[in-house]
Amino acid sequence: MSKYFNATCAICGKKYHICNSCKNTQSFVPWRTITDSSSCYKIFLILSNYTNGHISSQEATKQLQHCNLSQLDTFETNIKHTIETLLSESHNK
């Protein structure tokens, strides 16, 4: 079976393959339907919790410092901007 890219990571924008079993799961949302890696999914959860008001900017920054941000320059523009804003706010305090 050849694998084709049928999804795009919400964090880094990379194209990746997602199987039908993940796409069709109804009981929960598998991380593979949103991101290409568990590392990107961790960032997705932090930013979602921050954006939805479940955690403060300080808590989001603290959690992001435990994430792999080495590819930040390749992240989607809005994701990169939000992370850079959070990290710069922490340095200005």
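Tutor: Contact means heavy atoms within 4.5 Å, and by that rule threonine 35, leaving aside its neighbours within four places in sequence, is in contact with Cys9, Ala10, Ile11, Tyr16, Cys40, Tyr41 and Phe44. The model is predicted, with local features needing pLDDT of at least 70 and side-chain atom pairs counting only at pLDDT 80 or more, while totals for chains, interfaces and linings use all residues. Residues are numbered from 1 along each chain as its sequence is written, and side-chain values use heavy atoms, with hydrogens and water left out.

Student: Why is threonine 35 called buried?

Tutor: Buried means under 20% relative accessible area (exposed is over 50%, partly exposed in between, with a 1.4 Å probe and protein chains only), and threonine 35, at 0%, is therefore buried. Its place is in the loop between helix H1 (20–23) and H2, where helices are DSSP runs of H or I with at least four residues and strands are E runs of at least two, numbered from the N terminus.

Student: What does the side chain of threonine 35 reach, and at what distance?

Tutor: That side chain lies 3.5 Å from the backbone nitrogen of tyrosine 41, and Tyr41 is among the buried residues of H2.

Student: What makes the pairing of the side chains of threonine 8 and lysine 15 a polar contact?

Tutor: A polar contact is a pair of N or O atoms within 3.5 Å; within protein, one must be able to donate a hydrogen and the other to accept it, and residues adjacent in sequence count only if both atoms are side-chain atoms. The two side chains are joined at 3.1 Å.

Student: How do you know how H2 and H3 are oriented to each other?

Tutor: The axes of H2 (residues 38–51) and H3 (residues 57–64) come within 9 Å and cross at roughly 175°, where axes are lines fitted to C-alpha atoms, for helices over the stretch in contact, and angles run from 0 to 180 degrees between N-to-C directions. Angles over 145 degrees count as roughly antiparallel, and H2 and H3 are therefore roughly antiparallel to each other.

Student: Which residues of H2 and H3 meet?

Tutor: In H2 they are Ile43, Ile46, Leu47 and Tyr50, and in H3 Ser57, Ala60, Gln63 and Leu64.

How values were computed
Parallel < 35°, antiparallel > 145°, perpendicular 65-115°, else oblique.
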